[in-house]
Amino acid sequence: MDNSPTNHPAPPPLLRRRWAEIVCAAALFVFAANSFLVISRKNFTTDEAFMIPAGYYHLTARDFRPVNEHPPLVKLLSAVPLLFLDPAAAPHERLEARFYSDPNNLYWTFWRDNRERIDELSFWARVPAVLLTVLLGALVFCYTRRLFGARAAAFAVLLFTLEPTVLAHGRVVQTDIPASLGLLLFTFALYDYLRGPSARRAAWVGAAAGLAVVTKFSMVVLAPVIVVAFVALIWRAPRRATGRGAVVAQFAVCALAALLTINAAYLFQHRPPDEGDTAIILSRIVSDPSSEGLRQWLAGAYAVVVKIIPADFLEGVGWQLTHASEGHDAGLLGRYSKHGWWYYFPVAFALKTTLPFLLLSIVGIVWAVRGFMKEGGGRWLVVLVPFVLYTALVMSSSINIGVRYYLPAFPFLCIAAGVFLDRLLRRRRPESEPRPRRALLATVVVVAAFAWMGVEAARAFPDYMTYTNQLAAGRPHWWYLSDSNVEWGDDVAELARYLKARGETQVRASLLNYIVLEDYGVGYRWAYLPPGAPTPADVRYVAIGASYLNGSINPGSLEGRLLSDEERLNLFDDYRRRTPEKIFGRSIYLYRVRD
């Protein structure tokens, strides 16, 4: 018997074994650090001016009426740091009167009462949004590694953290990035369940669906997806040697988990619906005013439903349906529409993403289709099905005010593109053979793509919100798109600092988030003056936001006179031809009108 010690090969160094995890951690760390730098320089966006105070009242007063047109999760998370900072806020007993007498007053008073701490409070309120985006990036890595390998996962995370659209909205207290997280979680929970149905996995599907819905109300479309999946399982149960009763029971577990998750997000609050609330909901269901009997029956049913599902959840869904039917003013390629264009999101995506990401996304999806047709299997469907369904959903939407609405599709694009880059680099030759030219070219392509994206991210810093790629170089970026694509009110503080440094305390302004100017010590009046009217003697500067230069959000009437679409779009046409003294974040144009 040989008693000599066995020579086992030494384990590979940690860097070789865990290089993909190290790359992922480093990329997400840099992303987070970059995001904190941006939020330390930019004030809150127009939507955050409402979302952050609303979240604080959600937590402290357990009142979910403020901004109930958006679900509560992201607002609650943003308010958690504020509990430790103890901001000044109206007491709960004054909340109802102040909210219903003037909804805006509630939020602007919150910031007025904390004027000296506005930067501190808004910074910490946005920290959870950054952490949530980091969590989303980590999940992109974990799921990609599980299905397609470590290198594909590392590539997917690098694409995710270098894309300006993600950098722009990964720091914002809004529903778009959280909805991306919710959709990704739901997709993989459903994938796991379908591979091996069980009550525990059904509960995870329901919890993930509930989480997605309390991040963004449009995620209610997951309900029919769940129903279709369970109906298919019930139909196929005899072939799978599974009892139909077991599948029905799992569906009940799934529904219960979703319901509990939704109620937990509303802190299990079930306020009785107001008369106005009931009227709004019924108007969405019954349009015929003569159907009084049906309306009374539905009102009774609604009073029962709100004991199970929070009234603010139902109202929020109703508000979003109303918003979708009424439309929203938007601009695209020099045109105006209230109900949007079916091709809006493909165009916005093509203009707002870096060219490497755009090309890799297209090629990645084509590669995923090829992979499914060649190999079959559910892992390709995990990428393709949610991407296709969500793309179809947003393309049918009449709300065309930002590429941010398309963010839930981005993780699947990152995964598909990461897989393509991984396959591009795979070697299919013996190690002893010299490296072929094709492999060298593939390496150059991968390095060049990431280098290009890195340069674009550095060039856009810190103005990721208004980034457009080289396809939008022929005209001002506000000609191509409007609203949060080109201006979202987060450069107002920089404008105020610039004016105050020059001794200015007044400005004529037409821009998003203009009310914040007063919190930074600059008074404002509306910028528009009738043709031929002299500029007031006490005003030297006029500030015009990019969305107002676009024209789509300009008012539809002036001094009691309705404006035509052409008049509305060209309200500030005179300033389009002027040279601004300074541009802030590519979103605010400052013009000197008097020396």
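Colleague: How do α20 and α21 run relative to each other, roughly parallel or roughly antiparallel?

Modeller: Two packed helices are described by the angle between their axes and the distance between the axes. An axis is a line fitted to C-alpha atoms, for helices over the stretch in contact, and angles run from 0 to 180 degrees between N-to-C directions. Angles under 35 degrees count as roughly parallel, over 145 as roughly antiparallel, 65 to 115 as roughly perpendicular, and the rest as oblique. Here the axes of α20 and helix α21 (residues 437-460) cross at roughly 150° and come within 8 Å, and α20 and α21 are therefore roughly antiparallel to each other.

Colleague: What kind of model is this, and how are residues numbered?

Modeller: It is a predicted model, in which local features need pLDDT of at least 70 and side-chain atom pairs count only at pLDDT 80 or more, while totals for chains, interfaces and linings use all residues. Residues are numbered from 1 along each chain as its sequence is written, and side-chain values use heavy atoms, with hydrogens and water left out.

Colleague: How many helices and strands does the protein chain have?

Modeller: Helices (H or I, at least four residues) and strands (E, at least two) are DSSP runs, numbered from the N terminus. The protein chain has 27 helices and nine strands.

Colleague: Which residues of α20 and α21 make the contact?

Modeller: Contact means heavy atoms within 4.5 Å. From α20 come L421, L424 and L425, and from α21 come A442, T443, V445, V446 and F450. By class there are seven nonpolar, one polar and no charged residues; Ala, Val, Leu, Ile, Met, Phe, Trp, Tyr, Cys and Pro count as nonpolar, Asp, Glu, Lys and Arg as charged, and the others, Gly among them, as polar.

Colleague: Is the crossing of α20 and α21 left-handed or right-handed?

Modeller: A crossing is left-handed if the near helix is turned anticlockwise from the far one by less than a right angle, and right-handed if clockwise. The crossing of α20 and α21 is left-handed, whereas that of α8 and α20 is right-handed.

Colleague: At what angle do the axes of α8 and α20 cross?

Modeller: Helix α8 (residues 150-162) and helix α20 (residues 410-425) have axes that cross at roughly 130° and come within 7 Å. That makes α8 oblique to α20. Among the residues that meet are R151, F155 and F160 in α8, and C414, G418 and D422 in α20.

Colleague: At what angle do α2 and α8 pack?

Modeller: Helix α2 (residues 19-41) packs against α8 at about 10°, with their axes 9 Å apart. They are therefore roughly parallel to each other. The contact includes W19, V23 and F31 of α2, with A150, R151 and T161 of α8.

Colleague: How many aromatic pairs are found in the whole structure?

Modeller: Rings of Phe, Tyr and Trp (its six-membered ring) pair if their centres lie within 6.5 Å; planes under 30 degrees apart count as stacked, over 60 as edge-to-face and the rest as tilted. The search finds 38 pairs. One of them, F349 with F410, is edge-to-face, at 5.5 Å centre to centre and 80° between the planes. F349 lies in helix α17 (residues 344-352) and F410 in helix α20, 61 residues apart.

Colleague: Are F349 and F410 buried or exposed?

Modeller: Buried means under 20% relative accessible area, exposed over 50%, partly exposed in between (1.4 Å probe, protein chains only). Both F349 and F410 are buried. Of the 595 residues of the protein chain, 52% count as buried.
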